[in-house]
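Please open the structure in a viewer and keep the sequence beside it.

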Amino acid sequence: YAPFYEAATDEFPLPGLAASFVPQDLDYLDEADAWLFSGYQAKDGPSPLYRRDADGTVARLTVALPDGSSYQGHGSAVTSTDDYVLLAQEGGYLVLDAREVAAAPDGAALQPVGSVEMDFSPAFMNVEDGTLYAGNFYFPGDYETPAHHRIVTPDGTENPAVVYAYPASDAGRFGFAERAERVYSIPAMVQGVAVTADGQMVLSCSYGLRSSHLLAFDLGRTTVDGAFVADGATVPLYALDSRSLAADLKAPPMTEGIESHDGLVYVSEESACSKYLFGRLYGAGVVYALAL
């Protein structure tokens, strides 16, 4: 993975690894000048939300659900706006108050202000330039997607998953439109999405011990390739394939969350957690930043 390490810089340690935390996603929270990390516990227990402040202080938070139980979801995605933090759950996502997340002391239990249902359970989400991107994960046999999500693109690629794009809307749900504005057809094994300032959609693809790949697609080279029914409405479909692929960077196994911030792409890996351990042999217990 020499090309990856040559391009990447070691930014800071992943939180919670010594406490059996299995990190899945990361997000830069502007409200607090802090980083958020979602995931789950290798052993039974609430799925924590970690906040790493600018001075390196780490707070471990939990989410208290309305029925009195604690959130124990996979923590596959976390993202934020100026007002809200969105945390993936089965069938959609929970909505937290961003100011409460920013100010919560270590050990606090956060109460959601609402939730949103989606057409599918999001495996990854990211808010980029006022748009919420949310997509699903495909791996044959273990993680299937609906038949209409599996599309053969114009260059012959079989893309088995999708990303919905929700524009900002004051009349919508917690700042976003109730229906997707467009849909992207994407490859298998996508764990995260980010959109860079120069118009590239970067997908983090991984599963198991396979090498991960950071795929960068030039959105300026995409065209409408048909239509897709999302949230009950017909919207434009854009297929990401070789026609718009700008870069394919091989990365260490289990590269998961991805975030675009300050002109760089930040990535996290789960292979150094106590559930897997092997990532500690090649420095996977940190957040890396790189330009693509």
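In which loop is histidine 74 found? Select it: histidine 74 sits in the loop between β5 (58-63) and β6 (78-80); strands here are DSSP runs (E, at least two residues), as helices are (H or I, at least four), numbered from the N terminus. This is a predicted model, in which local features need pLDDT of at least 70 and side-chain atom pairs count only at pLDDT 80 or more, while totals for chains, interfaces and linings use all residues. Residues are numbered from 1 along each chain as its sequence is written, and side-chain values use heavy atoms, with hydrogens and water left out.

Next, show its surroundings: histidine 74 touches Gln24, Gly39 and Tyr40, residues up to four places away in sequence not being counted. Contact means heavy atoms within 4.5 Å. Then select alanine 88, which is 14 residues from histidine 74 in sequence and 8.0 Å from it in space, C-alpha to C-alpha.

From alanine 88, move to tyrosine 93. Tyrosine 93 touches Ala88, and also Leu86, Leu87, Ser115, Val116, Met118, Met125 and Leu132, again without residues up to four places away in sequence.

Now select the largest nonpolar core, which has 23 residues. Such a core is a set of buried Ala, Val, Leu, Ile, Met, Phe, Trp, Tyr and Cys residues joined through side-chain atoms within 4.5 Å. The members touching the most other members are Leu86, Tyr93, Met125, Leu132, Tyr164, Val183 and Phe228. At least two residues of this core come from each of β7 (84-89), β8 (92-97), β11 (124-128), β12 (131-135), β15 (161-173), β20 (224-230) and β21 (233-239). The largest share, three residues, is supplied by β15. A second, separate core of 22 residues includes Val190, Cys205, Leu215 and Phe217.

Finally, display the whole protein. It has two helices and 25 strands, and 55% of its 292 residues count as buried. The C-alpha atoms fill a box of roughly 50 × 45 × 35 Å, taken along the principal axes. Of the contacts with a separation of 6 or more, 56% are between residues 24 or more positions apart.

Note on methods. Buried means under 20% relative accessible area, exposed over 50%, partly exposed in between (1.4 Å probe, protein chains only).
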